[in-house]
Amino acid sequence: MAGYYFEVGTKFMINDKEYMVRRDLELDYEVENLNYKKIEIIRKQELLNLWWNGSLLFRVNNEKENENLLIIHNLDDLDESSKSEALERFRILEPVIKGEVLPSEINEYLKSLERKVGKSTFYDWKKDWERNEDIRSLVPKKPGPKGSRTKKRVLKLLNEAIENCVYSDGKVTLEDIHSELTCLIDEENKEAVEANEKLEYISPATVRRRKEELIDIYRLDKEKYGTVLAKLKRDGAKEEVLATRPLQRVEIDWTTVDVMLIDPTDLKPKRPNLIYAIDKYSGEPLGFFITFNPVDSNALKQCLIHVIMPKTYIEDLYPLVQNKWVAHGIPHTIVVDNSTVNDSYEFEEACYQVGVKEVQFCTIDSGYQKGTIERAFRELNTKFIHDLKGTTLSNIMEKGRYDSMGKACITIQGFIYMAHIAIVDMVSHKYHTRRGNSPHNIWKEGIASNSRLELQLPRSIDSLKIMLMGGSELRKIQQTGVVIENEYYQSKELMQLKNELEKYNRKDEKVRVRFDLSDMRKVYVYNTFNNRYIIADETGFKRKKIDMTLPVPYVTLELDSKRKSEIKKTFNPRSRAISKRSIKLIQDQDEKIVAKWKKGHEPNETVSSSFITETVLKTETNVNIPLGNDDITILENEQPTKNTKNKKDDSKNESQDKDISYMDYEITDIEDLPSWETKTKTSPKVG
């Protein structure tokens, strides 16, 4: 994605009204309201706030020429073939873009490429790139057929054979590839009906030539040596680039923080991971991201969001921060550590999508190549982290007998608040001895001589988040919306998408949901009908008593979801079965009584003791019913005698039975059941 800035002639939309910048007035912009042909003055800070709130959208100059950018939000939404082709085209253009190949040297450069690229084709790609400076503009639009049908089918099988053999583990010979191709052709010919439909075999020489055209030495070297050494072998050694302006070189690294925080998912003290970004020219902090999870490419992308976006939210969300954090923008070069998490295609592709020109990976054991970020971590530890409750300090000798886990009391939201205070007030706006000024002042002086960098932003904040957000799930749209960690997200547009899916008999289809791991107050749902993302807002934060005045991290929702699961486990499912059996017992008995009434007979209102035992207590799941130490024997009902004493007892029992209300009992055990004239006696123990 190319960066946008408010230069003269730039057009942008605010609430469906189109504006164009006419003049830069230092603190303000003179803009023309194109809808009403009216000249207005707007503060620069106000425009930043509007962009942050999602109300400002930069205007694409020629929507027809930029059709790919308007449709393709993220390279991951494309099929693998289109995505790979766009990345390959960028790899071929990259030396020319960086100026390593001069215009007069392009012919020789194209001849030296392993992949044959025509001159006119190359200039078409270059034109597409220069129009937007966005890798998405290189996605092929309508690839047409090449060569005859038979030749195309054979080449497709040959490419498949080369891919399967060359990029597999172990050493592969030319005979292996030719043998694999022969098997693939035989399998195709088995399905051919006519003789002219059968494919012809090709010679080993043709296989060798095709292999030389397709093989990617860099890809093989990357598997064998790693990304850094593979790039060094491909591009050769280069001198260190000195940063002469802000955003020219940004260093990103991560470390385990020297403090114990309370993890919301289990309420236990843990050490979080901090991903941190520093501008090499000024030493100005650019952004950070905190997570309890292992650092991966998603965490790095979340940090990159914070790097690019303006920090206009601080005054409203974090009022205890004394100064302003003005640093933001799209870096030219990002330098990251040579670890498995950073050495990934996913993070590299994300950087190219937002307009980063280059991603550099430091070699192993070469921390000096990113010394700025290493010193920044030490500064945060000494000025901020080592003074907190629950700190682990730098080493065990320093720590002594200090109980870091017992003293831990800080939440992740509280730590994020503290980090803003430390980074802005204690780092950015403090005098730096080696630099001779504060990072904030050095940044502003650098921006003053490079004014185009100051407001360089993606087209909109939503488009930035869609490309870089670390959260991504497939979910089915329900009547209550989409669910992420037991939280429902709903909107009018989301329900319209649900109705569209049902209309085309796709109601069980899952949709892609992307979300910001640092702020879960809304999510983005991909609409496959028009290739757009729609926004859905949370519906239950107030009910769950979640503070919405601050960004809600993803781990906060994990805590709520885990608590519900733990509470659910405390309920015994056997209680429901016993209650159902007891209800059925009463129902069956009443059915017999009513049947006798209908026949005109006097009903016997006693219940069979065997029915109680077999129906309520004797379960196949071996429900443990607490009984006394003595064995209990259930006796059969005895016939009543005609003496007066028994009549009085019967009359007394009948009176007691009339007072029984079945609804007053929560029947979960034998002691809680009505007797219904059932008699028990203790039998002597045997043995």
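Colleague: How many cavities of 30 Å³ or more does the count come to?
Modeller: It comes to 2. This is a predicted model, in which local features need pLDDT of at least 70, side-chain atom pairs count only at pLDDT 80 or more, and totals for chains, interfaces and linings use all residues. Residues are numbered from 1 along each chain as its sequence is written, and side-chain values use heavy atoms, with hydrogens and water left out.

Colleague: What makes a space a cavity?
Modeller: On a 1 Å grid over the protein atoms alone, a cavity is a set of points where a 1.4 Å probe fits but cannot get out. Volume here is the space filled by probe spheres set on the grid points, which are joined across faces, edges and corners.

Colleague: Which residues line the largest cavity?
Modeller: Asn74, Leu75, Asp76, Lys301, Glu346, Glu349, Ala350, Gln353 and Met467. A lining residue has an atom within 4 Å of a point. Helix H13 (residues 345-353) gives the largest share, 4 residues.

Colleague: What classes do the residues of that lining divide into?
Modeller: The lining of the largest cavity has 3 nonpolar, 2 polar and 4 charged residues. Ala, Val, Leu, Ile, Met, Phe, Trp, Tyr, Cys and Pro count as nonpolar, Asp, Glu, Lys and Arg as charged, and the others, Gly among them, as polar.

Colleague: How many residues of the lining of the second largest cavity are nonpolar?
Modeller: 9 are nonpolar, with no polar and no charged residues. The lining is Leu274, Phe288, Ile290, Leu380, Phe384, Ile385, Phe415, Ala419 and Ile423. H17 gives the largest share, 3 residues.

Colleague: Why are H7 and H8 called roughly perpendicular?
Modeller: Helix H7 (residues 174-190) and helix H8 (residues 204-214) pack at about 110°, with axes 10 Å apart. Angles of 65 to 115 degrees count as roughly perpendicular, so H7 and H8 get that label. Axes are lines fitted to C-alpha atoms, for helices over the stretch in contact, and angles run from 0 to 180 degrees between N-to-C directions.

Colleague: Which residues of H7 and H8 meet?
Modeller: Leu174, Ile177, His178 and Leu181 in H7 meet Pro204, Val207, Arg208 and Lys211 in H8. Contact means heavy atoms within 4.5 Å. By class, the contact has 5 nonpolar, 1 polar and 2 charged residues.

Colleague: What makes E4 and E5 edge strands?
Modeller: The 5 strands form an open, antiparallel sheet in the order E4-E3-E2-E1-E5. Strand E4 (38-43) and strand E5 (56-58) each have a single partner strand, so one side of each is left without a neighbour in the sheet. From one strand to the next, the twist averages 35°. Helix H1 (residues 44-52) lies across the strands E1 to E5, at about 85° to E4.

Colleague: How do you know that E1 and E2 pair?
Modeller: Two strands pair if DSSP finds at least two bridges between them. Strand E1 (residues 11-14) and strand E2 (residues 17-25) have 4, in the antiparallel sense. Isoleucine 14 stands opposite lysine 17 in E2.

Colleague: How many bridges join E16 to E19?
Modeller: Strand E16 (residues 487-490) joins strand E19 (residues 532-538) by 2 bridges, antiparallel. With at least two bridges needed, this counts as pairing. Glutamine 490 has aspartate 537 as its bridge partner in E19. Strand E18 (residues 519-527) joins E19 by 6 bridges, also antiparallel. E18 and E19 form a hairpin with 4 residues between them, and asparagine 531 in the turn has a positive phi of about 55°.

Note on methods:
Angles under 35 degrees count as roughly parallel, over 145 as roughly antiparallel, 65 to 115 as roughly perpendicular and the rest as oblique. On a 1 Å grid over the protein atoms alone, a cavity is a set of points where a 1.4 Å probe fits but cannot get out, and a pocket is an open set with protein on both sides within 12 Å along at least five of seven lines; lining residues have an atom within 4 Å of a point.
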